[in-house]
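Here is a short briefing to read alongside the sequence and the model. Take a look at the fold, and then walk through it strand by strand.

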Amino acid sequence: MSVSVARVPTASASRYLQQLAKHWSHKMEVTFSPEEGTIAFPNGAHLAMRADRETLDLSLTVPDDGDPARMRQVVAEHLDRFAHREGPLTYDWRDASTSR
């Protein structure tokens, strides 16, 4: 398993978390509140999100046979669509084992 984490600066973290969760809830297993959300992808990947007043924290787990770079891109592209007024968001994706 590959685990990537990112801290995305935005004052609209809760709104984007909820929009992404609702968007994907039609095709995937999703749970969410204004502060936290999880999305289980059909390919076995899993996205955990946590929103506060200044950031959206993302933790993306991808199975060994998956493509972590592609999954990071998919998540970022979808969030950027919801953040179109804010412009592209900044993602500092890094391996979870080196993020401490």
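Let's start in the sheet: strand 3 and strand 4 run antiparallel and are joined by five bridges. This is a predicted model, in which local features need pLDDT of at least 70 and side-chain atom pairs count only at pLDDT 80 or more, while totals for chains, interfaces and linings use all residues. Residues are numbered from 1 along each chain as its sequence is written, and side-chain values use heavy atoms, with hydrogens and water left out.

- Two strands are said to pair if DSSP finds at least two bridges between them.
- Ile39 has Leu47 in strand 4 as its bridge partner.
- The hairpin of strand 3 and strand 4 has five residues between the strands, and Gly44 in this hairpin takes a positive phi near 95°.
- Strand 4, residues 46–51, has a covered face made of Leu47, Met49 and Ala51, while His46, Ala48 and Arg50 form its uncovered face.

**Strand 4 and strand 5**

- Strand 4 is joined to strand 5 by six bridges, and the two run antiparallel.
- Met49, on the covered face of strand 4, has Leu58 in strand 5 as its bridge partner.
- Thr55 belongs to strand 5, which covers residues 55–62.
- Is Thr55 buried or exposed? Thr55 counts as buried, because its relative accessibility is 12%; buried means under 20% relative accessible area, exposed over 50%, and partly exposed in between, using a 1.4 Å probe and protein chains only.
- Leaving aside residues up to four places away in sequence, Thr55 touches Arg7, Val8, Pro9, Thr10, Ala13 and Arg50; a contact means heavy atoms within 4.5 Å.

- Which order do the six strands take in the open sheet? The order is 2-3-4-5-1-6, with antiparallel pairing.
- Strand 2 and strand 6 (94–95) are at the edges with a single partner strand each, so one side of each has no neighbour in the sheet.
- Strand 2 (residues 29–32) pairs with strand 3 (residues 36–40) in the antiparallel sense over four bridges.
- Phe32 is opposite Gly37 in strand 3, and a hairpin of three residues joins strand 2 to strand 3.
- Strand 1 (residues 2–9) and strand 6 run antiparallel and are joined by two bridges, with Ser4 opposite Asp95 in strand 6.

**The protein as a whole**

- The protein has two helices and six strands; helices (H or I, at least four residues) and strands (E, at least two) are DSSP runs, numbered from the N terminus.
- Along the sequence, the pattern reads β-α-β-β-β-β-α-β.
- The radius of gyration is 12 Å, close to the 13 Å of the globule rule for 100 residues, so the protein is as compact as a globular protein of that length. This radius is taken over C-alpha atoms, and the rule is 2.2 Å times the number of residues to the power 0.38.
- The C-alpha trace spans about 35 × 30 × 20 Å along its principal axes.
- Of the 100 residues, 39% are buried.
- Among contacts with a separation of 6 or more, 52% come from residues 24 or more positions apart.
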